[in-house]
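Thank you all for making time this morning. I would like to walk you through one model, and I will ask you to keep the picture in view while I talk.

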Amino acid sequence: MPEPERPAGDRPESLADLLGGRRGAVDATVPPVAFAVGWLAAGLWGGVVAAVLAGTAVAGWRWRRGDRPRSVLIGLLAVCVAALIALRTGRATDFFLVQLVSNAASGLAWMVSIAVRWPLLGVLVGAVLGQRSRWRRDPALLRAYGRGSWVWVATYLLRLAVFVPLWLGGQVVALVVARVALTWPLVAAALAVSWLVIRRSLPAGHPGLRHPVVLSDRDDVPAQ
């Protein structure tokens, strides 16, 4: 019996959405670009006002497109927090401090997930495919997701390697350029590379991501 169709507003997010898709790229790039333009034209306050207005406009656009309210509000809140930090410290580059902390925390979370054998790539793909934790009962998939997750760790480390020196050097415009370049293009590359890593990590004859080879009815992985 076919499963009932989900309502349009309740459809599951794609892997690209979960890991920072095109809409997430709009959140990550439009307000910083507006901040840089406003900062160049009218100083710190000009940058803050421009960024908040741009963030509000992006939030409104996403709301009308039917994005989930939580993700819309989180995107706008991040812009407001970044603006408040910059005003508090008086340094324009501190508008990007939230991005630095976010990338550091995300990279650490992905590394911890691999160490505890719950690689986040598997968690996210499993959620998209409706598998819950079944993929963990397939040792080959668990290993493949662990290897693929390292690709995402590398993206966060790359961003930090680029952002931190620019932040320390007070390079506002360069930070904006780097943020645009290392958002969706980097995510698209990571999606392609992690998929390739997973495919090459699975043994010959494995049925693929949609069909975990379950060795036990238990939710945890058998001790090795």
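Let me start with a question: with which residue does Arg91 form a salt bridge, and how far apart are the closest N and O atoms? The partner is Asp94, and the closest N and O atoms of the pair are 2.8 Å apart. Please bear in mind that this is a predicted model, and that a search of the whole structure finds one salt bridge.

Let me now step back to the chain as a whole. The chain holds eight helices and zero strands, so that, reading from the N terminus, the elements run α-α-α-α-α-α-α-α. Of its 224 residues, 41% are buried, and the accessible surface of the chain comes to about 12400 Å², with 65% of that belonging to carbon and sulfur atoms. If you take the contacts with a separation of 6 or more, 71% of them are between residues 24 or more positions apart.

Phe95 lies in the loop between α3, residues 69–89, and α4, residues 97–115. Is Phe95 buried or exposed? Phe95 counts as buried, because its relative accessibility is 3%, and the cut-off for that word is under 20%. Leaving aside residues up to four places away in sequence, Phe95 touches Pro31, Pro32, Phe35, Ala51, Val79, Ala82, Ala83 and Ala86. To give a sense of the distances along the chain, Phe95 and Ala36 are 59 residues apart in sequence, while their C-alpha atoms are 9.9 Å apart in space.

In soluble globular proteins, nonpolar side chains tend to be buried together. Here the largest nonpolar core has 22 residues, and those with the most contacts inside it are Phe35, Leu44, Phe95, Phe96, Phe163 and Leu175. The elements that give two or more residues to this core are α2, residues 22–64, together with α3, α6 and α7. Of these, α2 provides the largest share, namely five residues. There is also a second, separate core of 21 residues, and Leu124, Trp135, Val153 and Leu209 are among its members.

The buried residues in α4 are Gln99, Leu100, Asn103, Gly107, Trp110, Ser113 and Ile114. Seen down the axis of α4, these buried residues fall within an arc of 165 degrees, so they line one face of the helix. The general point is that an α-helix has 3.6 residues a turn, so residues three or four places apart point the same way. On the face of α4 turned away from the buried side you will find the exposed residues Val101, Leu108 and Ala115. The cover over the buried residues of α4 includes α5, α6, residues 139–168, and α7, residues 172–181. As for its length, the 19 residues of α4 should span 27 Å at 1.5 Å a residue, and because its end C-alpha atoms are 27 Å apart, the two values agree.

Finally, a few words on backbone angles in the loops that follow. Arg117 comes after α4, in the loop between α4 and α5, and has a positive phi of about 65 degrees although it is not a glycine. At 36% relative accessibility, Arg117 counts as partly exposed. The next helix, α5, covers residues 120–129, and its buried residues are Leu121, Gly122, Leu124, Val125 and Gly126. Just after α5, Gly130 takes a positive phi of about 70 degrees. Arg132, in the loop between α5 and α6, likewise has a positive phi, of about 55 degrees, although it is not a glycine. Arg132 is exposed, with a relative accessible area of 75%.

That is where I will stop, and I am happy to go back to any part of the picture.

Conventions. Residues are numbered from 1 along each chain as its sequence is written. This is a predicted model: local features need pLDDT of at least 70, side-chain atom pairs count only at pLDDT 80 or more; totals for chains, interfaces and linings use all residues. Side-chain values use heavy atoms; hydrogens and water are left out. Buried means under 20% relative accessible area, exposed over 50%, partly exposed in between (1.4 Å probe, protein chains only). Helices (H or I, at least four residues) and strands (E, at least two) are DSSP runs, numbered from the N terminus. Contact means heavy atoms within 4.5 Å. Accessible areas come from the Shrake-Rupley method with a 1.4 Å probe; for residues, only the protein chains shown count as cover. The expected span of a helix is 1.5 Å times one less than its number of residues. The arc is that of the directions from the helix axis to the C-beta atoms. A salt bridge is a side-chain nitrogen of Lys or Arg within 4 Å of a carboxyl oxygen of Asp or Glu. A nonpolar core is a set of buried Ala, Val, Leu, Ile, Met, Phe, Trp, Tyr and Cys residues joined through side-chain atoms within 4.5 Å.
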